[in-house]
Amino acid sequence: MGDPCTESNSMAESDSKPPSASKNGKGEGGSGHSFFTWFMVLALLGVWTSVAVVWFELVDYDDVLARAKEFRYNISEVLQGKLGAYDADGDGDFDVEDAKVLLGLKEKPSILVERRAEPESLVEEPEAEPEPEVVEEMIQPSHAEEAAWPFPDPVEEEPVVLEEVEPEGEEEPVEDEAAPEIEISEEQVEEAQVDWESELEGEPEVAEAEESAPAEEDEDDSLSEDAGENQDTASVPEGDDDVYGSQSMDVESEIQEDHTEDAIDTIGEIVEEAVPEETEELDHEELLEVDQGDEPTREDENPQEAEEEPAPAEDQPVEKVLVTAEAAQEQKPKEKVKKKKPKLLNKFDKTIKAEIDAAEKLRKKGKVEEALRAFESLVQRYPQSPRSRYGKAQSEDDLAEKVRSNEVLLKAINTYREVAELPDPPADLVKTTLKRRAERQQFLGRMRGALATLEWLVQLFPEDISLKNDLGVGFLLMGDNKNAKRVYEEVLAVAPNDGFAKVHYGFILKSDNMIAESIPFLREGLQTGDPGTDDGRFYFHLGDALQRVGDSSAYEWYELGHQRGHFASVWQRSLYNVDGLKAQPWWTPRETTYTDLVKTLEKNWKTIRDEALSVMDPSRGLFVPEDENLREKGQWGQFTLWQQGKKVEKSCRSVPKTCALLDRYPEATGCKRGQIKYSVMQPGTHVWPHTGPTNCRLRMHLGLVIPANGCQIRCTNQTRAWEEGKVLIFDDSFEHEVWQDASSYRLIFIVDVWHPELTQYQRQTLSPI
């Protein structure tokens, strides 16, 4: 037994301890712990509930926020409408300044005091409340539903802001008249909002209308758009790829420089819309959307504005020419309204339209390989289906564009032919197919094959004037002006106002040196504004013809061509340009950066001269007459060493030292848009004002044998003379003119060099001229 004192102490200590809470928290002294436990349970429950809401997307927060935002705007508009009646300072809303006026803390503006005749009635006027809201609501659907929901009076949207009119007491009757208008507008707004919402949800009304249309017309629409897309893809930029783009769509690669300015650069799109009233079966505008006649023939679309000198043309005549041509252009769209959509499906193809549509959908989405496999499968199952085979040709065409393959493009050209040879193809499909075939043949430089296709088309559709126009272009691309002239004479016999035929016929006459006869056809053709006529070449040749007959209106047409975007300026009228290059008529050696070449030429000018004199004997026949039709009179001979960046080995064997000097300068020998040649001009020679074909080169003239007086060259409005042993440098894309009125011949050495601002890539990829 222990000590009694100890036991009593221990009992006292145990009695003095508070009772401890039980494990479940129900003890008498555990109220603090119980509150904390429940707080944690509720907090965790809230967290997990929030996680569940977000994770399982039980609430659309975007919709909630949108509704809250809409509610806020509506409340703001309503309050503004109600409180607007208490506008005391005339600023159109209720704010602190208005409250001060109403409480007597600030005087009311005197102007408003005079205007308000019955302020009490205006404050309590309930009809004015909804006006601001209606105006705001009408603005939204009127823009979204402009086509589907034409409002009766859309012009009243802005004037119906009545807060600013309210203060005028005498205007109260206007409010009475406006009230019924607002009630009508509210009904219209509700209906418009319903239509607007239905449009945003999928446009069911439009869809129903489309479903009710004939199936073949739906197909025709899609095919028309596709054909236009294919036309766009046909326009491959020059020099993008040496394999696929080596046969440039420009005719530059087919024609030497002496014909470059006269070349008809087209692949057929230019005449698609030439005679809208004649195209009864085929909608050219929808099938082929590219109209080359509306754009300049350039590597870059917009010409760089040069440092223009004042043009020797008066402003008033230019305005008359502009009005005439633009008025004709404005008349043309009216003629295109009644065109019929092409029919590209025969009876059998309509039975497999769903399969054709599925394959076509792949092609339109850019899945070219899959589309090709789908159409090939259709052709295997339905070998007599023209539309399936046409889809195969289109897919091959697209694939050739994608992989840059001439071989694949040749397959497409062959497949296009197969479509036209099937037993029962629709006429519109045959026309579309063969036109596309001719274009792709021209793209590859297969001019004879394209000409055969065009002749085939004319035989099948002899009444289609646009196809005859295409055929005329095909002959021009072949250099067969005689047959081209015959074709356009036939066209003008049945369609004397056909602008496309007129400008091309005028061009042919000018090429045959029938200068005066060409002017009416070129002028009248341009004035028609017909598709394919708004082309820089026709402005160029019309102005040139007018200059040669002494008609100063030439510069009016040059000015119009400049305003149309075909010429960089009235002076700089080259047609094959690169945008952004520095443009000035005269250059110094330092500006060209080719100072080493200039020094070499000037240091060795006697060697270059002596070799030229050794080959000038007419009996040798090395100097050939200039054949670009640039002379008004006299004799002008040339002996060429490099042409389009290629060395003429036979010529260089006659002047080996000169060629050896130049071999070190690729800026000259590699200039694919220029020449290196001797030029001899006899007394009494005059060279017409003219321009070179491109802004991509500069021209150096080294004087070799220069008479003391009488030899001059003008570039723009600056005239200079040559000196023996010195180099003149100018940009021959600007207008220049030459006189040789001395008593003996003039001999110079011409060296063309790349424009110094061209990149190395551009120099390698630009097509030759």
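C711 is buried, since its relative accessible area is 6%, where buried means under 20% relative accessible area, exposed means over 50%, and partly exposed lies in between, with a 1.4 Å probe and protein chains only. The model is a predicted one, in which local features need pLDDT of at least 70 and side-chain atom pairs count only at pLDDT 80 or more, while totals for chains, interfaces and linings use all residues. Residues are numbered from 1 along each chain as its sequence is written, and side-chain values use heavy atoms, with hydrogens and water left out.

Five strands form an open antiparallel sheet in the order β3-β7-β12-β9-β10, and two strands are said to pair if DSSP finds at least two bridges between them. The edges of the sheet are β3 (631-633) and β10 (718-720), each of which pairs on one side only. Neighbouring strands of this sheet are turned against each other by 20° on average, direction ignored; the axes behind this value are lines fitted to C-alpha atoms, for helices over the stretch in contact, and angles run from 0 to 180 degrees between N-to-C directions.

I713 takes part in both pairings, for it stands opposite V738 in β12 and opposite R720 in β10. β9 and β10 form a hairpin with two residues between them, and T716 in the turn has a positive phi of about 55°.

Where else does a residue other than glycine show a positive value of phi, near 55°? Q644 does, with phi near 55°, and its place is in the loop between β4 (636-643) and β5 (646-647). Q644 is buried, because its relative accessible area is 15%. R404 likewise has a positive phi near 55° and lies in the loop between α17 (386-403) and α18 (406-421), but R404 is partly exposed, with a relative accessible area of 25%.

A search of the whole structure finds one disulfide, a term that stands for a pair of cysteine sulfur atoms within 2.5 Å. C652 and C659 form this bond, with their sulfur atoms 2.2 Å apart. The torsion about their S-S bond is about -80°, so the disulfide is left-handed. C652 counts as buried because its relative accessibility is 5%, and C659 counts as buried because its relative accessibility is 2%.

Among the helices, α26 (residues 554-563) has nine of its 10 residues buried, so this helix is largely enclosed by the rest of the structure. Its buried residues include W557, Y558 and L560, and just after the helix G565 takes a positive phi of about 90°.

Helix α2 (residues 31-55) contains F36, a residue that is exposed, with a relative accessible area of 52%. F35, F36, F39 and M40 form a nonpolar patch on the surface, with about 470 Å² of accessible area together. Such patches are made of residues with over 30% relative accessible area and no salt bridge, like charges being joined within 9 Å and nonpolar side chains (Val, Leu, Ile, Met, Phe, Trp, Tyr) within 5 Å. A salt bridge is a side-chain nitrogen of Lys or Arg within 4 Å of a carboxyl oxygen of Asp or Glu, and accessible areas come from the Shrake-Rupley method with a 1.4 Å probe, where for residues only the protein chains shown count as cover.

Conventions: Helix = DSSP H or I, 4+ residues; strand = E, 2+ residues; numbered from the N terminus.
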